[in-house]
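Hi there,

Here is the structure I promised to pass on to you. Have a look at it first, and my notes on what turned up follow below.

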Amino acid sequence: SISIAGDPKWSNKVAYITPRVYGLQFGVSYAPNTLQTGAAKLKTFDLGANSSGVPYAKNAVSLGLNHRTKFSCGLNMTLSATANFSNTQPFARSNAYTNFASVVYTGERHRTTAYALGALFNYGAFDFGLEFIDNDKSQVVKAINGQDAGQVMSVAGAYTFGVNKVALGYLHSERKLGKSFKYNGGITVVA
């Protein structure tokens, strides 16, 4: 599945979700370090060769707002907005890299600033949903020009009959991989 950039997923975090009032509900969470899960000793750096190779985040804040409403005509609607903000940390490898590779793989990265908007409609046996995600330049290496973390647009519809459901969906994603690379004060063309 496609995720919003910087999602703290299973990281240790503090979260608060409000009760639903007039259909509205708000949530906020804070994770000091997205590498930290469970009761293990606090990790202050990536473990290199034992790592997933994914950048991690410090001071990750996630916000969410959703609204549910039921109309008298039988239509149910849920709208949602979520956002993630954090200080992205480059992952470090324990083995030696060339200077070029060390900048590409462990170089300074953009902060995580990503958001998602979603909607779900239900009427009788029919469901229709859509979502838009914009990851901006979240976690992208700063040395690569013209790169972004991508955007995603998805739509889906479903029909329920008895205990069965038939669904059809479409997902479009786009990500710019970069045009040039800043290295030792100069610019080297990549593509």
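Before the details, a word on naming: helices (H or I, at least four residues) and strands (E, at least two) are DSSP runs, numbered from the N terminus. Please also keep in mind that this is a predicted model.

With that numbering, the chain holds one helix and eleven strands. Read from the N terminus, the order of elements is β-β-β-β-α-β-β-β-β-β-β-β. The chain has 191 residues, and 31% of them count as buried. If you look at contacts between residues at least 6 apart in sequence, 57% join residues at least 24 apart.

Let me start with Gln25, which sits in strand 2 (residues 24-33). Its side chain makes a polar contact with the side chain of Arg20, at 2.8 Å. Setting aside neighbours within four places in sequence, Gln25 touches Ile17, Thr18, Pro19 and Arg20, and also Gly64, Leu65 and Asn66.

Most residues other than glycine have a negative phi. Tyr22, however, has a phi near 50°, a positive value in a residue other than glycine. Tyr22 belongs to the loop between strand 1 (14-17) and strand 2. Is Tyr22 buried or exposed? With a relative accessible area of 78%, Tyr22 is exposed, because the cut-off for that class is over 50%.

Asn59 also has a positive phi, of about 55°, although it is not a glycine. Asn59 is placed within strand 3 (residues 56-70). Its relative accessibility is 37%, so Asn59 counts as partly exposed, the class between under 20% and over 50%.

Sorted by class, the lining of the second largest pocket is made up of nine nonpolar, eight polar and two charged residues.

Notes
Residues numbered from 1 in each chain as written. Predicted model: local features only at pLDDT ≥ 70, side-chain atom pairs only at ≥ 80, totals over all residues. Heavy atoms only, no water. Buried < 20%, exposed > 50% of the residue type's maximum accessible area, 1.4 Å probe, protein only. Contact = heavy atoms within 4.5 Å. Polar contact = N/O pair within 3.5 Å; in protein donor to acceptor, adjacent residues only side chain to side chain. Nonpolar A, V, L, I, M, F, W, Y, C, P; charged D, E, K, R; others polar.
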